[in-house]
Amino acid sequence: MAFIAALLPNEADRSALMHAAGEHRLLWADSWRGLNALVRDRPIAVVVTDLHAEPRKDGALRVFRFAQRFPLTPLVSWGDPDGRELFRIGKAGARDIVLTQDTADAAMISEVIDASLAATLPRVLQEHLRGRVDDAGLELITVAAERIADGIQVPELAATFRYSISTLERRCEVMQLPTPGRLLLWLRVLFGLRWLLEEGRSVESVASQLGYSSGAAFRRAIKATIGGRPTPLRNAEAFDQALESFAHECHATARGGS
Amino acid sequence: MARYDRIAALPLPERSHAIPGWCVMRELSGRERDTELANRVRLYFLVLRPVRRLVERGFAVPPDSHDRQVAAMRAALDAMPTTTPGLARLRSFLSAVSTRAPERVALATLDVATMAEARSHYEAASEFALTALAAAAHANPGVEARASTVLARLQRKTGHWSDAERWSTRAVDLAAPPSFRAAWAHAVTELATLYHVRSAQSEAVSLLGRVRKRVAEWKDELLLADGAEALAATALAAGHTEVAVHEGWFALHRINDTERRRRLLLSVADGLRTLRLFAGADACYSALAQTAVGPAERAAPLTRAAVSAAEAGDLASFRERHDRSMHEVLELQDGHRAGFLLELGRACVLTGDGERGLAHASATVRLAEMHGDPCLQAHAQELCAVASAHHDGAILAGRHQPPAPADDTRELAAEIAAGAQRVVTPSRR
């Protein structure tokens, strides 16, 4: 389940997206400015936007600005662009498109959204750890990661698997994973570090999205996992190192190892 | 900086980061205000989408949804003017896509790649070929080899020779099992063409010889014909004209499809013309023109026959054939006419009629511009320059001086002259 931010002024388009979104949660914006604010302040995984949502604004240029501010948040454009506009939005950074002729097809819209979610952190984690931790452990990590945006806590994670908290703790121990509390702490930090790679987000906004009371609290969480401070960590290498540290704490085997 | 320029200045996105299938739009790079081209590449993008979807989902798409998507595209094609170039091929492509059969989808996608390639839309052709390759991974290595060969050819044409060699080598490896002989012949002959273009003539000849030997060993008549046809086409492109004529004529007797036979006979005739064996070439052109249905089929042999007369220096025949050819060419739609006008223009310049050559070349420039064909436009502009400088054709004529053909090729030319009509007469088969 993921959060989708959408800017679709047309009621029929909204209805089509709602029908196709399934278990994903939709948050509506009423302007490009509102859309940017939503992505900055909420754990948005995908953005869907009508290119002509604001008639006097150049849709392709808005896509470009969005992609600059939030390069890791995929943007799906919606509409029926002519050849030149299609060229420009592709160049500006749109990751996919729902054509007007396909808006009645919920299956196709769902596929576009699912494909856009392929680069989200839960999937990145899954790829990074597959074959390195056992399948049950990977499932636990993935499920927890998918619900970080909901602010999941240990009791809810245990309930998801129909375990008591103590059973979940024992399972984690058997699977050589960190304790459930530390697992969620790690996942929040990884989400936060990834979001911080987007220049449109601040430490304060990321901390707030992850349920921390302040930026300082988020900084303490970082210190408790990988050490250091968030601002110097705003680069892809630092994120990759954090990911590897997490894998190490999950007792993942070395890459290419058995 | 103008708002528009903010995006124009951006580099093109990597294929892996772009909207699926968007890379066909790369064709617009630097020409994004060309509305005609923009519409054409948008059409490519739209028709490719169902295939990209099949490929990305391992051909496991909901049938209803897939059918709706294809039907929407069919409706879009139906709404286009009937003069839209390639409309019939796109319709047949959609029919193949609607089957969701990986091999049919891959081959049909390759066909559109070839169509885009013929119009010098190499970016679009590459995207179709890459998609065909991905679809072929669900079919069999033979189709993968064919797609790899097309990619090799596109890379060669765009000057990316190391990539072309990589694709060719891959195609040869994929087509190694005996059941993919035809694909193997295509792949090796493409590799030979690459060597030819890179001026590695000894390697090219050696490879072509290898193909020829292998093709001769094959007992299966259809595969034999496929291999020989591939060898003929590549040998002609690589400048091994005599090999092309021999193999082409050999293949002609083993191919059942009339359209393929006509295409092959035309290329055999072109080979004979290049070797200055004009009688044989003219017999082929004449047979093709007589059995043609409609101006589109007649225009090619009549135009080439006129060129043949010009190259032979037979002015009287040239004038008569030129006029006959023009009669048919003027019946064609604009988009199809340009290539013929260019050929006739060159022939006029060859015969010293610079004025008429210039008129044809200028018309070609206009049509090529209108239909977004930069390659044809460049050739036509080159001819304009030659024709307007009042050259008497010496420059063009200087390009057509091949070495004298061997005796067995001369004998074959006589045999072809006698048998050309038989080969293209439908009642024979």
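Both faces of strand 5 (residues 96-99) of chain A are covered. Asp96(A) and Val98(A) on one side are buried, and so are Ile97(A) and Leu99(A) on the other. A residue is buried if 20 or more other C-beta atoms, placed from the backbone, lie within 10 Å of its own, exposed if 12 or fewer, and partly exposed in between. In a regular strand the side chains alternate between the two faces of the sheet.

This is a predicted model, where local features need pLDDT of at least 70 and side-chain atom pairs count only at pLDDT 80 or more, while totals for chains, interfaces and linings use all residues. Residues are numbered from 1 along each chain as its sequence is written, and chains are lettered from A and ligands numbered from 1 in the order in which they are written.

**The sheet of chain A**

Chain A holds an open sheet of 5 strands in the order 2-1-3-4-5, with parallel pairing. Its edge strands are strand 2 (25-28) and strand 5, each pairing on one side only. The twist averages 25° from one strand to the next. Strands (E, at least two residues) and helices (H or I, at least four) are DSSP runs, numbered from the N terminus. Two strands pair if DSSP finds at least two bridges between them.

| Strand pair (chain A) | Sense | Bridges |
|---|---|---|
| Strand 4 (residues 75-79) and strand 5 | parallel | 4 bridges |
| Strand 1 (residues 3-7) and strand 2 | parallel | 4 bridges |

Val76(A) stands opposite Asp96(A) of strand 5. Ala5(A) has Leu27(A) in strand 2 as its bridge partner. Helix 5 (residues 106-116) of chain A lies across strand 1, strand 3 (44-50), strand 4 and strand 5, at about 170° to strand 5. Angles run from 0 to 180 degrees between N-to-C directions, and axes are lines fitted to C-alpha atoms, for helices over the stretch in contact.

**Chain B**

Helix 2 and helix 6 (residues 122-136) of chain B pack at about 15°, with axes 10 Å apart. They are therefore roughly parallel (under 35 degrees) to each other. Among the contact residues are Tyr44(B) of helix 2 and Phe128(B) of helix 6. Two residues are in contact if their C-beta atoms, placed from the backbone, lie within 7 Å.

Where do the chains meet? 26 residues of chain B are in contact with 24 residues of chain A. Helix 2 of chain B gives the largest share of chain B's side, 7 residues.

Glu217(B) is found in helix 10 (residues 201-217) of chain B. Glu217(B) is exposed, with 10 other C-beta atoms within 10 Å.

Technical notes. Parallel < 35°, antiparallel > 145°, perpendicular 65-115°, else oblique.
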